[in-house]
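Colleague: Please take me through the computed features of this model, with the criteria behind each value.

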Amino acid sequence: MNAQRLVHSPRARLLLAGALVLGLAVLGPVAGVSTTVAARWLLGVVALAVLGWWLHRRGAVVTGAATAPRLTVVSRAGLSQRCGVALVEVDGRGYLVAFGDAFAEIRETASPAPEFGRVLAQARRPMPTPRTIRGRREGP
């Protein structure tokens, strides 16, 4: 089950909140600490954990390695003053785009066949040569 979906469902949030309240109610009298003090400490720890998670996620996006752009114009040619053709690559797939003032048409380019993906010819082993044993020749 996806952990993010579990946390985002209202039922899961309600169960989590109920478990925390029950834990605070049990923790207070058993440990000799008032429920209010335990609730404040737990709230502070949860707030710091959420803040740390948020800063980690935000920092990972900002300082992460540079990723390749999702859209790249490979080449562009003008057919007239108001019309043109462009070869565009989006997420590794190529598209041919014809555009003008009042239209645009997009066609997906054929993907190139892999050069080494298929077998060109079956490899054959050479026929074994007949062996001779003590002057006699074996085989037909």
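Colleague: Which helix gives the largest share of the nonpolar patch?

Modeller: This is a predicted model, in which local features need pLDDT of at least 70 and side-chain atom pairs count only at pLDDT 80 or more, while totals for chains, interfaces and linings use all residues. Residues are numbered from 1 along each chain as its sequence is written, and side-chain values use heavy atoms, without hydrogens and water. Leu16, Leu20, Leu42, Val46 and Val50 form the patch on the surface, where a patch takes residues with over 30% relative accessible area and no salt bridge, joining like charges within 9 Å and nonpolar side chains (Val, Leu, Ile, Met, Phe, Trp, Tyr) within 5 Å. The largest share, 3 residues, comes from helix 3.

Colleague: Which strands stand at the edges of the open sheet?

Modeller: The open sheet has 4 strands in the order 1-2-3-4 with antiparallel pairing, and two strands pair if DSSP finds at least two bridges between them. Each edge strand has a single partner strand, so one side of each is left without a neighbour in the sheet; these are strand 1 (71-78) and strand 4 (104-108).

Colleague: What is the bridge partner of Ser75 in strand 2?

Modeller: Strand 1 and strand 2 (residues 84-90) run antiparallel and are joined by 7 bridges. Within strand 2, Ser75 has as its bridge partner Leu87.

Colleague: How far apart in sequence are the parts tied together by Glu108 and Arg93?

Modeller: Glu108 forms a salt bridge with Arg93, the closest N and O atoms being 2.5 Å apart; the criterion is a side-chain nitrogen of Lys or Arg within 4 Å of a carboxyl oxygen of Asp or Glu. Glu108 lies in strand 4 and Arg93 in strand 3, so the pair ties together parts separated in sequence by 15 residues.

Colleague: Which residue forms a salt bridge with Asp91?

Modeller: Asp91 counts as partly exposed, at 48% relative accessibility. In this salt bridge the closest N and O atoms are 2.9 Å apart, and the partner of Asp91 is Arg70.

Terms used:
Areas by Shrake-Rupley, 256 points an atom, 1.4 Å probe, with all protein chains shown as cover. Helix = DSSP H or I, 4+ residues; strand = E, 2+ residues; numbered from the N terminus. Buried < 20%, exposed > 50% of the residue type's maximum accessible area, 1.4 Å probe, protein only.
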